[in-house]
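The sequence and the coordinates are shown first.

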Amino acid sequence: MFRGTWFRWLGIGLLWLATGLALPVQAAEQVTVFAAASTTNAIQDLAALYEKEKGVKVVTSFAAASALAKQIEQGAPADVFVSADLKWMDYLDDKGKIVKASRRNLFGNRLVLVAPKGKAFPVKLEKGFDLPGAFQGRWCSCNPDVPIGRYSQQALTALGWWAALEPRLAAAPDVRSALAFVERGECAVGIVYETDAKLSDKVEVLGVFPTDTHSPVLYPAALVQGAKPTAQGFLDFLRTPAAAKVLRQYGFTALN
C-alpha cells in the first residue's frame with residue numbers, strides 16, 4: 001500500500017513538473033510591436049483581436065516613429081515596427097535593422113488643422129489666405145524630425161506660411177501630445193492627423209490640408225531583424241480584411 005501511494009505522489013509530482021516546464025514555452029508566445037503614437041487606439045484594438053483569435057500575446061509600445069526607430073537601432077527588443085512615414089522605415093532599412101522583404105505600406109491618413117472646442121475661426125487652407133495673421137499665440141505640432149512635424153512643415157511651406165509660423169511652434173514629442181496641448185487651450189491651433197482629431201471631443205477641425213501640399217501620409221510596417229517567428233503572423237494579420245475594418249473605423253485609409 002505504501003508503494004502504491006508513493007508511485008501515485010510521484011506521478012502527481014511529475015505532472016506538476018511537466019506543467020511548470022510548459023509555462024515558459026507558452027509565455028514565449030508573444031509579439032512586441034513598436035508603433036507610431038497616432039496608431040495607438042487602432043493597434044491596441046487589433047492586438048486584442050489577434051490575441052483572442054490566435055492566443056498570442058501582443059505587447060505594444062507607442063511613441064513618435066523617430067523615437068521608436070532610434071530605440072530599435074540601439075537594440076530595443078521589438079518584433080514589428082509600424083511607422084507614420086516612410087523616412088524612419090527607410091532609416092532602419094539603411095541600418096540593416098528590418099527584414100526588407102517583410103516591409104509593406106499598410107494604411108494612410110490625412111493632415112488636419114484643429115482648434116480648441118468653441119474657439120474655431122474661418123480658415124482657407126490655400127495660398128493667399130493669411131493663416132499666421134488669423135490667430136494669436138502659438139501653434140502645436142512636432143519638430144520636423146517627427147513625421148507629423150515633417151508633414152506640417154511641408155504643408156505650411158507649400159502654402160507660404162512656414163517662415164512666419166516656425167518661430168511660434170510649440171513642439172510636442174509626438175502627435176498625441178500636440179493634440180493634448182490644443183485640447184487644453186495651450187495652443188490656438190494645431191496640426192495633427194485626421195484620425196487623432198476624430199478621437200477628441202475637445203477640438204474642432206478647421207480644415208484638411210490638400211494632399212498636394214505634403215508627402216502622402218503612409219504607415220509602413222516591417223519585421224525587425226531577429227524578430228520571433230510568431231511576429232510574421234501578426235504582421236500578416238495587419239493586412240487582413242478584419243484589420244482593415246478596424247482601421248477604417250478609426251478613419252485610416254486601408255491600402256490594397
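## Basis of the values

The model is predicted, with local features requiring pLDDT of at least 70 and side-chain atom pairs counted only at pLDDT 80 or more, whereas totals for chains, interfaces and linings use all residues. Residues are numbered from 1 along each chain as its sequence is written, and side-chain values use heavy atoms, with hydrogens and water left out.

Helices (H or I, at least four residues) and strands (E, at least two) are DSSP runs, numbered from the N terminus. Two strands are said to pair if DSSP finds at least two bridges between them.

Five strands form an open sheet in the order 7-6-8-5-9, and their pairing is mixed. From one strand to the next, the twist averages 35 degrees. Here axes are lines fitted to C-alpha atoms, for helices over the stretch in contact, and angles run from 0 to 180 degrees between N-to-C directions. Helix 6 (residues 147-158) packs on this sheet and touches strand 5, strand 6 (139-142) and strand 8 (189-193); the direction of helix 6 makes about 115 degrees with that of strand 8. Strand 5 pairs with strand 9 in the antiparallel sense over five bridges, and Val 112 stands opposite Val 208 in strand 9.

Leu 111 belongs to strand 5 (residues 111-116). Leu 111 is buried at 0% relative accessibility, where buried means under 20% relative accessible area, exposed over 50% and partly exposed in between (1.4 Å probe, protein chains only). Beyond its neighbours within four places in sequence, Leu 111 is in contact with residues including Ile 148, Tyr 151, Ala 155, Tyr 193 and Val 208; contact means heavy atoms within 4.5 Å. Leu 111 and Glu 194 are 83 residues apart in sequence, yet their C-alpha atoms are 5.8 Å apart in space.

## The enclosed strand 10

Seven of the seven residues of strand 10 (residues 217-223) are buried, so this strand is largely enclosed by the rest of the structure. In a regular strand, side chains alternate between the two faces of the sheet. Along strand 10, Val 217, Tyr 219, Ala 221 and Leu 223 point one way, while Leu 218, Pro 220 and Ala 222 point the other way.

Strand 10 runs antiparallel to strand 3, to which three bridges join it; Val 82 has Ala 221 as its bridge partner in strand 10. Strand 4 (residues 104-109) also runs antiparallel to strand 10, joined by five bridges, and Asn 109 has Val 217 as its bridge partner there.

## Aromatic pairs and charges over rings

The structure holds 12 aromatic pairs. Rings of Phe, Tyr and Trp (its six-membered ring) pair if their centres lie within 6.5 Å; planes under 30 degrees apart count as stacked, over 60 as edge-to-face and the rest as tilted. Trp 139 and Trp 162 form an edge-to-face pair, at 6.3 Å centre to centre with 80 degrees between the planes. Trp 139 lies in strand 6 and Trp 162 in helix 7 (residues 162-165), so this pair ties together parts that are 23 residues apart in sequence. Both Trp 139 and Trp 162 are buried. The ring centres of Phe 234 and Phe 237 are 6.2 Å apart and their planes stand at 35 degrees, so the pair is tilted. Both residues lie in helix 10 (residues 231-237), three residues apart, or about one turn of the helix, and both Phe 234 and Phe 237 are buried.

Ring pairs also link Phe 107, Tyr 151, Tyr 193, Tyr 219 and Phe 252 into a cluster. Arg 150 lies over the face of Tyr 151, 5.4 Å from the ring centre. Arg 168 lies over the face of Phe 135, at 4.4 Å from the ring centre. A charge sits over a ring if NZ of Lys or CZ of Arg is within 6 Å of the ring centre and within 35 degrees of the ring normal.

## Two further buried residues

Thr 40 is found in helix 2 (residues 40-54) and is buried, with a relative accessible area of 14%. A polar atom of the Thr 40 side chain lies 2.6 Å from the backbone oxygen of Ala 37. Leaving aside neighbours within four places in sequence, Thr 40 is in contact with Phe 62 and Arg 176.

Ala 78 is located in the loop between helix 3 (65-73) and strand 3 (80-82) and counts as buried at 5% relative accessibility. Apart from neighbours within four places in sequence, Ala 78 is in contact with Thr 32, Phe 34, Ile 72 and Val 224. Ala 78 and Gln 225 are 147 residues apart in sequence and 8.8 Å apart in space, C-alpha to C-alpha.

Key:
A polar contact is a pair of N or O atoms within 3.5 Å; within protein, one must be able to donate a hydrogen and the other to accept it, and residues adjacent in sequence count only if both atoms are side-chain atoms.
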